[in-house]
Amino acid sequence: MTPRETPAYETTQYEAGWRLKPRPWPVGPRESYGKVDFDDSEGKSVLTLYIQRGPEEGYVLHVEHLAAPLRVDGTLLRLSPAPHLDRRAADFRRISAARTAAAKAEAKLDAAVSVARANGDSWEVIGAALGTSARTARERFGHH
């Protein structure tokens, strides 16, 4: 290799394509604070990351603008952009309330079947109360 062909410096892991190069967002509006784009060796943004305090305890890692599959600890994750939700929307509230009511009703039904079994009721009786066969009732609730 001639001196002209010898690189003046050793290529970094970013330039060799082994790592994505972090590019912090310039300080701007409050919602952009702490966001970092990660660019590939061609300078194209692959994803944007930021972390914020979670709604309860802990923190939430946000991944946006994902342009390729992402592996975390050897596990392939296929992340899609989260849909924009208007949590004030009446339909959203109705669906959320119905889902909560269904979960509570399911828990109440599980408890009622458990009590009936503990009190000695047969699967035939429980199946009749559910409008199903004894076998279907046992298959659905027999694990409790």
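The side chain of T48 forms a polar contact with the side chain of D37, at 2.4 Å, in this predicted model. T48 lies in strand 3, which spans residues 45–53. Elsewhere, helix 3 (residues 134–141) places A134, A137 and F141 in buried positions, and these residues belong to the largest nonpolar core.

**Surroundings of T48**
- T48 has a relative accessible area of 1% and is therefore buried, the cut-off being under 20%.
- Leaving aside residues up to four places away in sequence, T48 touches W25, K35, V36, D37, H62, V63, E64 and H65.

**The two faces of helix 3**
- The buried residues of helix 3 are A134, A137 and F141.
- Viewed down the axis of helix 3, these buried residues fall within an arc of 65°, so they line one face of the helix.
- On the face turned away from this buried side, helix 3 carries the exposed residues R135 and E139.
- The cover over the buried residues of helix 3 includes helix 1 (90–118) and helix 2 (123–130).

**The largest nonpolar core**
- Seven residues make up this core: V113, A116, W123, I126, A134, A137 and F141.
- At least two residues of the core come from each of helix 1, helix 2 and helix 3.
- Helix 3 provides the largest share, with three residues.
- In soluble globular proteins, nonpolar side chains tend to be buried together.

**Contacts of F141**
- F141, a member of this core, touches L109, D110, V113, W123 and L130, not counting residues up to four places away in sequence.
- Among these contacts of F141, V113 and W123 are also residues of the core.

Terms used: Residues numbered from 1 in each chain as written. Predicted model: local features only at pLDDT ≥ 70, side-chain atom pairs only at ≥ 80, totals over all residues. Heavy atoms only, no water. Buried < 20%, exposed > 50% of the residue type's maximum accessible area, 1.4 Å probe, protein only. Helix = DSSP H or I, 4+ residues; strand = E, 2+ residues; numbered from the N terminus. Arc of directions from axis to C-beta. Contact = heavy atoms within 4.5 Å. Core = buried A, V, L, I, M, F, W, Y, C linked by side-chain atoms within 4.5 Å. Polar contact = N/O pair within 3.5 Å; in protein donor to acceptor, adjacent residues only side chain to side chain.
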